[in-house]
Amino acid sequence: MVHTKVKELVNYLNSFESCSIAVSGGVDSMLLAFIATRFSTTRVKVVHAHSPAVPQQALVRIQEHASQYDWDLLIINANEFNDPNYIDNPVNRCYFCKSNLYENIRKVSKGIIFSGTNLDDLDDFRPGLKAAKEKMVRHPYVEAGIDKEMIYTLAKHYELTKLSCLPAQPCLSSRVETGIKITPSDLYLINRVEESTRYMYPNLDNVRCRITHQGAYLELDEIPENNLLAKLSHNAAVICSENGKIFSGVRPYSKGSAFIHGASH
């Protein structure tokens, strides 16, 4: 199955003379860059949009892989923070983010633009897919019938250790509840809370710091026992206090809990 899927994916990639791959730092787009640069005949430019919404760790990860696998890497500014529609954080904020991203990639590349969207993403609430369609962005994983499980299988197959164990990496802005303006300072807070939590409570698939209208919450796959829970809560509360936010507690992880449908800007 692995070889069949890779063959289908590479055959699709080979139908284009050149391409740019929008790489966020997550396993999906980085695996696509690895396969495209290693196995396809298309000329590949790997493009990463560095932003306050992307953790610094993602940039470091991309640079390490680019160096190791000789990627043609270009780092740009997607300029989403110059878009008031993005800052206002409506429920379709991702549409404005991706629109800015693809517009700015188009400025530096004449080839087709590829994303790391996979089959599972099509069943999720993803306003960015509308932007991709408008900007004529293609999704090679979808064309080859590859889902998230297969992506992790392929990462393990090619011994991409740092990618095969990487949890889902949505942008930091996805943690901010609909209608609360996106600010770099809040995104910095979110990243600090999440990274320190992972250090204290490793091996969780999902750790989210949510900025809500009721304060900041820490969401975890598993709620730990009292001693660790108290330490995690204290740590998050200190970081929030330093950034002028109220910490409202630890609660179970809920996918997409920051999105409020029907909310105004």
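**Notebook: cores and sheets in a predicted model**

I began with F114 and found that, not counting residues up to four places away in sequence, it touches Y12, L13, F16, C19, S20, I21, A22, L32, V137, R138 and P140, where contact means heavy atoms within 4.5 Å. I note that this is a predicted model, in which local features need pLDDT of at least 70 and side-chain atom pairs count only at pLDDT 80 or more, while totals for chains, interfaces and linings use all residues. Residues are numbered from 1 along each chain as its sequence is written, and side-chain values use heavy atoms, with hydrogens and water left out.

Next I looked up the largest nonpolar core, which has 37 residues, and saw that L9, I21, L31, I35, F114, I146 and L154 touch the most other members. Such a core is a set of buried Ala, Val, Leu, Ile, Met, Phe, Trp, Tyr and Cys residues joined through side-chain atoms within 4.5 Å, buried being under 20% relative accessible area, exposed over 50% and partly exposed in between, with a 1.4 Å probe and protein chains only. Among the elements that each supply at least two residues of this core are α1 (2–13), β1 (18–22), β4 (112–114) and α8 (148–157), and the largest share, 8 residues, comes from α2. Helices (H or I, at least four residues) and strands (E, at least two) are DSSP runs, numbered from the N terminus. Apart from this core I found another, of 28 residues, among them Y95, Y201, I211 and A216.

I then turned to H48, which lies in strand β2 and counts as buried because its relative accessibility is 1%. Leaving aside neighbours within four places in sequence, I listed its contacts as V23, S24, V54, L59, I62, L73, L74, I75 and I76. Strand β2 runs parallel to β3 (residues 73–76), joined to it by 4 bridges, and strands pair if DSSP finds at least two bridges between them. The bridge partner of A49 in β3 is I76.

Last, I examined an open sheet of 3 strands in the order β5-β6-β7, with mixed pairing. β5 (207–212) and β7 (247–252) stand at the edges with a single partner strand each, so one side of each is left without a neighbour in the sheet. Between β6 (residues 215–220) and β7, which run parallel, I counted 5 bridges, and the partner of Y217 in β7 is G249. Helix α10 (residues 184–200) packs on the sheet, touching β5 and β6, and its direction makes about 150 degrees with that of β5; axes are lines fitted to C-alpha atoms, for helices over the stretch in contact, and angles run from 0 to 180 degrees between N-to-C directions.
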